[in-house]
Amino acid sequence: MPTAIDGTSLPSRSRLVNIDKSHNLDRLPRLIPREKAPPQQNPLPVPPTPPLTPPVDPQNLNFHEPTRRILSPRDYELFQASSTYSLVLSFVFSFSEAAADKKISSIYQDKVPDAIEHVLSVLSEVEETINRCPPADQGGSRFGNPSFRDFLDAIAFQNSSWHSLLGVPSSSAVAEVSTYFQNSFGNRARIDYGSGHELNFLMWLLCLNRLSILPPPTFPGLALLVFSRYIKLMRTIQSTYYLEPAGSHGVWGLDDYHFLPFLFGASQLLHHPYIRPLSIHNELVLEEEGDEYIYLDMVRETMASKSVKGLKWTQPMLDDISGAKNWEKVEQGMRRMFVKEVLGKLPVMQHFLFGSLVPAAESMSREEEVGVKPEEEEQEGGEVVVEHDGVKHVHRDDAWGDCCGIKIPSTVAAAQEAKKKGEEDSFRRIPFD
């Protein structure tokens, strides 16, 4: 028998085995394989595309200049239950579907329809107007340039001739349709731009559709040629007049100004053979494919306008979205976001304009009834509070307001000022990145 150092005897191996066997092994908990957690389901359903109703005979319409009609929470509820809400959803989502799996260069390779050519011609003339209204010298200030108001005045002066070229039938119809066009470049008083102004451009196209000038067969060209041309035009306007991001928050981390390009751009890439959501981090993909795909172009321009390198610092939501499994998930998410964050936000939709082509529900409030001045007459930085049926509409430039937030300079303005100083190639890196 083996002995220990101190001379005491040790139990034999067979006895150790017997001791081990004497333990009640049944008392040990059973190992149960861990079940795979079920995939998380988004509680918000994917918004479908409502059917697009046919245009109404213009002879049956009473054209008038559009005004704000969402002046209370009750008005907003009436709008959400109205046929106009469905019409807006249908038009925007129809554009997304028209862009599906298409490159920009694939649209109308033989001949662009005359209606599309006319719209593109109007946007080109708008860009020429910028050259006639140069920005005022602000001594290096990065806030909105007051010459933007001269630019808007020049646009207003030419609206009648442009809309006659498009085939708008009467002066009263021109007054209605051109209001949406005029308000698609930014706010005159605040010199800012946001998703509400972008939506006005879509509503301008919707009005032309209601007048049978832009029928559904033109939607692919409108989504990919006209809308992408509008985005490039807005970049010129934003960098020339230093338009501030409306609401101070940017568009939820996607872009300082725009939202819809990401919806239409995701639809373009739905079944792309090799470009994945994660590809937005590949600068070579952005450079080679950005001219064909709106989503990639938006990411490319966003990265170029920032002084900090890295999407996770500058556009964290875009960075998060890049982890999506496929572009279908991205497109579905953009639909949900449009419904919730654009049409679903009273601070955005209280600026929405209603006329005869985009009608309000019958019992919605009117500006004159509740004592609210038209938006173009509101003073810059002023405050409007209307106590009627829960109305509270506020513009402030000294606090976080309920509507338009505080004034902040745009990153576009910062980039332009840096370029003037010869600093455009320098990036500020975040420490430990």
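Where is the place of Ile-191? I began with this residue and found Ile-191 in the loop between α6 and β2, where helices (H or I, at least four residues) and strands (E, at least two) are DSSP runs, numbered from the N terminus. I noted that Ile-191 has a positive phi of about 50° although it is not a glycine. Ile-191 counts as buried because its relative accessibility is 4%, buried meaning under 20% relative accessible area, exposed over 50% and partly exposed in between, with a 1.4 Å probe and protein chains only.

**What I am looking at**

I am reading a predicted model, in which local features need pLDDT of at least 70 and side-chain atom pairs count only at pLDDT 80 or more, while totals for chains, interfaces and linings use all residues. Residues are numbered from 1 along each chain as its sequence is written, and side-chain values use heavy atoms, with hydrogens and water left out.

**The chain as a whole**

I looked up the overall make-up and found 17 helices and four strands in the protein chain. Of its 433 residues, 48% count as buried. I also looked up the contacts, meaning heavy atoms within 4.5 Å, and found that, among those with a separation of 6 or more, residues 24 or more positions apart account for 77%.

Asp-101 is placed in the loop between α3 and α4 (114–132), and Asp-101 counts as partly exposed because its relative accessibility is 42%.

**Aromatic rings**

I searched the whole structure for aromatic pairs and noted 25 of them. For this search, rings of Phe, Tyr and Trp (its six-membered ring) pair if their centres lie within 6.5 Å, and planes under 30 degrees apart count as stacked, over 60 as edge-to-face and the rest as tilted.

One of the pairs is formed by Phe-151 and Phe-185, which are edge-to-face, with 6.1 Å from centre to centre and 80° between the planes. This pair links distant parts of the chain, 34 residues apart, since Phe-151 is in helix α5 (residues 147–166) and Phe-185 is in the loop between α6 (171–182) and β2 (192–193). Phe-151 is buried, with a relative accessible area of 0%, and Phe-185 is likewise buried at 0%.

Why does the pair of Phe-201 and Phe-227 count as tilted? Their ring centres are 6.4 Å apart and their planes stand at 45°, so the pair is tilted. Because Phe-201 lies in helix α7 (residues 195–210) and Phe-227 in helix α8 (residues 219–241), the pair ties together parts that are 26 residues apart in sequence. I noted that Phe-201 and Phe-227 are both buried.

I then looked up Arg-335 and found its charged end over the ring of Phe-93, 4.4 Å from the ring centre; a charge sits over a ring if NZ of Lys or CZ of Arg is within 6 Å of the ring centre and within 35 degrees of the ring normal.

**Helices α3 and α8**

I looked up how helix α3 (residues 83–98) meets α8 and found that they pack at an angle of about 80°, with their axes 8 Å apart. Axes are lines fitted to C-alpha atoms, for helices over the stretch in contact, and angles run from 0 to 180 degrees between N-to-C directions. That angle makes α3 roughly perpendicular to α8, given that angles under 35 degrees count as roughly parallel, over 145 as roughly antiparallel, 65 to 115 as roughly perpendicular and the rest as oblique. On the α3 side the contact is made by Phe-91, Ser-94, Phe-95 and Ala-98, and on the α8 side by Phe-219, Pro-220, Leu-222 and Ala-223.

I found Thr-84 in helix α3, and Thr-84 counts as buried at 3% relative accessibility. Apart from its neighbours within four places in sequence, Thr-84 is in contact with Phe-79, Phe-354, Val-358 and Pro-359.

My last entry is Ser-356, which lies in the loop between β4 (353–354) and α16 (367–370) and is buried, with a relative accessible area of 14%. Ser-356 and His-64 are 292 residues apart in sequence, and I noted 6.7 Å between them in space, C-alpha to C-alpha. Leaving aside neighbours within four places in sequence, the contacts of Ser-356 are Leu-61, Asn-62, Phe-63, His-64 and Glu-176.
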